[in-house]
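Hi,

Here's the structure I promised to pass on.

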Amino acid sequence: MLADRLGRPVRDLRISVTDRCNFRCVYCMPREVYGRDYAFLPRSQLLTFEEIERVARAFVGLGVEKLRITGGEPLVRRDLERLVAKLAAIGSLDLTLTTNGALLAGKAQALADAGLTRVTVSLDSLDDATFRAMNDVDFPVEQVLGAIDAAAAVGLAPVKVNAVVKRGVNDEGIVELARYFHGSGHVVRFIEYMDVGHTNGWRLDDVVPAAEIVRLIDEELPLEPVEPAYRGEVARRYRYVDGGGEIGVIASVTQPFCGDCTRARLSADGKLYTCLFAVRGHDLRALLRGGASDEQLTDTLSAVWRVRDDRYSEQRSSETAGLAKVEMSYIGG
Ligand code: SAM
């Protein structure tokens, strides 16, 4: 079995299909940096769907069981369902997509028909003013809720709902979000605000610890912990004692899970990253466009994975905050 230096196998591949997004979330793509003049990647530099499929196939040969399409906003990439169909044809895999939901309602059926198995929708608040302040575009919560319903209606269920919690910004709406999805069959996952990249001006004081999130919800809707379903599950799961379903918390700042991290990440321009907080990626595009065989591609992926020893979140300190790091919008969540 292929394992890295810390004995971690490669199980998940996150595929970013674009560095563009139709939102300007303050914690991910702040408008001051990603404004009108920002130079996004030209199309010729993006991997084609055929190139992405090759990398995904090679990774599946090495043990990957789960593919997640992300971005930027993946649904701004035209004909995404064509990529979904190609990835679905690789074999029986967990094939999912993370989206802000803005374009999902109109795409859900085509994505499900192409073979997508599930979807994760980001929604940080049910309050329109807070939601708009966080995503910095004029977009109503109602439309995201409609997209979640549309996805569930075509079988992309249960839907996972990602909520990044930022202290003093949306933490007052945590219980409201939990209550809204309680009993719906969908699972809200509250994510600690992370120091990904540099552009968001992250400070430790902005982080609401997962333990506090669980306590706030438990006071109103009693919870009990659930055993992880598999090694490497990043969300700590809790179920409602009354049978109203589950929530998850992703405590990557206060309770890092590097020891169980089985994720590889492919950026839209074909760089392979072995950590969300990596400084540098390995250029697979040059290899693909240079005529490498499938065997050479597999050998390269194995060689990169074998020497992997990243564990940024466990080493996080005042010194690591200043290190050069890749941006979330480039590498996907
Ligand atoms: N555009 C898509 C979306 O909004 O879901 C996919 C890409 S987005 C980078 C993936 C996930 O990362 C989203 O759920 C987003 O909220 C989360 N995210 C972005 N920046 C983050 C940060 N600094 N800390 C924690 N989560 C973050």
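**Pockets and cavities**

Let's start with the second largest pocket: its lining is made up of 7 nonpolar, 2 polar and 4 charged residues. Keep in mind that you're looking at a predicted model. This pocket has a volume of about 170 Å³. It is lined by 13 residues, and the closest to its centre are Glu233, Val234, Arg236, Phe257 and Asp260.

Now for the largest pocket, which comes out at about 280 Å³. Here 20 residues form the lining, with Lys160, Arg189, Tyr230, Glu233 and Ala235 the closest to the centre. By class, that lining has 11 charged, 7 nonpolar and 2 polar residues. If you want to find it by strand, look at E1 (12-16), E2 (66-70), E6 (187-192) and E9 (246-250), each of which supplies at least two lining residues. Strand E9 gives the most, with 3 residues.

What about cavities? Searching the whole structure turns up 2 of them at 30 Å³ or more. The second largest cavity has a volume of about 30 Å³. Its lining consists of Ala178, Phe181, His182, His186, Val188, Tyr240, Glu246 and Ile247. Helix H6 (174-181) and strand E9 are the elements that give two or more residues to that lining. Sorted by class, the lining residues of this cavity are 5 nonpolar, 2 polar and 1 charged.

Cheers

Notes: Residues numbered from 1 in each chain as written. Predicted model: local features only at pLDDT ≥ 70, side-chain atom pairs only at ≥ 80, totals over all residues. Heavy atoms only, no water. 1 Å grid on protein atoms, 1.4 Å probe; cavity = no way out; pocket = protein on both sides within 12 Å on 5 of 7 lines; lining within 4 Å. Points joined across faces, edges and corners; volume = space filled by probe spheres on them. Helix = DSSP H or I, 4+ residues; strand = E, 2+ residues; numbered from the N terminus. Nonpolar A, V, L, I, M, F, W, Y, C, P; charged D, E, K, R; others polar.
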